[in-house]
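The structure is shown first.

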Amino acid sequence: MKIFFSNIFPSKKKIQIEFCQNNLDRYLNEETALDFSHFLNQPHIRYKEYECLSNCSTCRKAAYAIVDGQVIEANHIDELLQLLKEQLPKQR
């Protein structure tokens, strides 16, 4: 019988978050930037910023991010951070 470390110690799936730089410029402020920094520097999170994600209608009306292909949007940037945090237990 072969035993593999991946069977004994399964790796945790990393959550992939994508941000639109235009949207961040519109909604992110100095207060929330630090909170986002702490959140995004967790080892099970990968993130990437794009200049534009081509979701212009969403970008104009709400703060948003794409989490593993799903658009998450909120009225305020701090609300978006809370919604992103709520995604973590589903991904682990």
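## Strand pairing

Alanine 65 has isoleucine 72 in S4 as its bridge partner. The model is predicted. Strand S3 (residues 63–67) and S4 run antiparallel and are joined by five bridges. Together S3 and S4 make a hairpin, with two residues between them. In the turn, aspartate 68 has a positive phi of about 45°.

## Salt bridge

The count of salt bridges comes to one. It is formed by lysine 61 and glutamate 73, whose closest N and O atoms are 4.0 Å apart. Lysine 61 belongs to helix H4 (residues 56–61) and glutamate 73 to strand S4 (residues 70–74), so the pair links distant parts of the chain, twelve residues apart.

Side chains of opposite charge can pair when their charged atoms come close. Are the two partners buried or exposed? Lysine 61 counts as exposed because its relative accessibility is 55%, against a cut-off of over 50%. Glutamate 73 is partly exposed, as its relative accessible area is 36%.

## Glutamine 87

Glutamine 87 is located in helix H5 (residues 77–91). With a relative accessible area of 9%, glutamine 87 falls under the 20% cut-off and is therefore buried.

Which residues is glutamine 87 in contact with, leaving aside neighbours within four places in sequence? The contacts are Ile15, Val67, Gln70 and Ile72. Of these, Ile72 is also the bridge partner of alanine 65.

Key:
Residues numbered from 1 in each chain as written. Predicted model: local features only at pLDDT ≥ 70, side-chain atom pairs only at ≥ 80, totals over all residues. Heavy atoms only, no water. Salt bridge = Lys/Arg side-chain N within 4 Å of Asp/Glu carboxyl O. Helix = DSSP H or I, 4+ residues; strand = E, 2+ residues; numbered from the N terminus. Buried < 20%, exposed > 50% of the residue type's maximum accessible area, 1.4 Å probe, protein only. Pairing = 2+ DSSP bridges. Contact = heavy atoms within 4.5 Å.
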